[in-house]
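Okay, thanks for making time, everyone. Let me put the model up and talk you through what is packed inside.

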Amino acid sequence: MRARPGGDGGDGGARAAADRSGWADGAARCITHLLSPPGLALVVFLWLPVGDDPLKSAGGKALAILLFSIGPAALLGWLARGGGVDDIYDPPRPLRRRFLLVGTLCYAVGFALLQGLQMPPVQRWAAASFAVGAAGVGLVNRRWKISIHTTGAGGGAALAATLVQAAWWPLCALLPLAAGWARWRRQAHSPAQLVAGAALGAAITLLLRAALM
């Protein structure tokens, strides 16, 4: 984004505005990477509680990180290089659909494996939230662009909020707020698209909790 001139109209004000703009853009890029679906999956599965069987939980975490973070990141990177995309998080519409389809398939396979191996319920719940969330974004994007970053962050916040005490809920809310600010700062979505994504992610996660927990 372009820097805006400072209030004093001088070179010092312009440089200060440029510095602020550069800092904000850098922060937005970092948050965009961290709270991308693969990045968020890494954070979520590492954070999930261990449960009564630490060994099985550790195995589930490792499998989930491979299938929900490392694998999708590698596949999307490969697709982006093949498609000549400059911004992997904001590709042209046809390629965006392909990315969402690949992500949904990866997550569906991941959930099926965690379910088949009877990994801890909280891991299966998180896996299902990622899979259904990606599918939901794919369906909505056929008509209207919606943010997968805030969808994932909204789902992650809803999941975390059910596992921590109420005093931690404001911290949980920072996930979709940070993702939304970063995507707005990067000019990738309108406020309505960001809010809709967060609401979709939270709703899917809370509905799946009743079925899987």
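So, the largest nonpolar core has 26 residues, and the ones with the most contacts inside it are Phe45, Leu48, Phe68 and Phe130. By nonpolar core I mean a set of buried Ala, Val, Leu, Ile, Met, Phe, Trp, Tyr and Cys residues joined through side-chain atoms within 4.5 Å, with buried being under 20% relative accessible area, using a 1.4 Å probe and protein chains only. At least two residues of this core come from each of helices H2 (37–47), H3 (54–83), H4 (93–116), H5, H6 (148–163) and H8 (191–212). H5 gives the most, with eight residues. Helices here are DSSP runs of H or I, at least four residues, numbered from the N terminus.

Before I go on: this is a predicted model, where local features need pLDDT of at least 70, side-chain atom pairs count only at pLDDT 80 or more, and totals for chains, interfaces and linings use all residues. Residues are numbered from 1 along each chain as its sequence is written, and side-chain values use heavy atoms, leaving out hydrogens and water.

Now, Arg124, which is found in H5, residues 121–140. Arg124 is buried yet has no salt bridge, meaning a side-chain nitrogen of Lys or Arg within 4 Å of a carboxyl oxygen of Asp or Glu. The nearest side chain of opposite charge, Asp53, is 11 Å away. What does the side chain of Arg124 reach? The backbone oxygen of Met119, at 2.7 Å.

Overall, the chain has eight helices and zero strands, and 44% of its 213 residues count as buried.

Notes
Buried means under 20% relative accessible area, exposed over 50%, partly exposed in between (1.4 Å probe, protein chains only). Lys and Arg count as positive and Asp and Glu as negative; His and the chain ends are not counted. A polar contact is a pair of N or O atoms within 3.5 Å; within protein, one must be able to donate a hydrogen and the other to accept it, and residues adjacent in sequence count only if both atoms are side-chain atoms.
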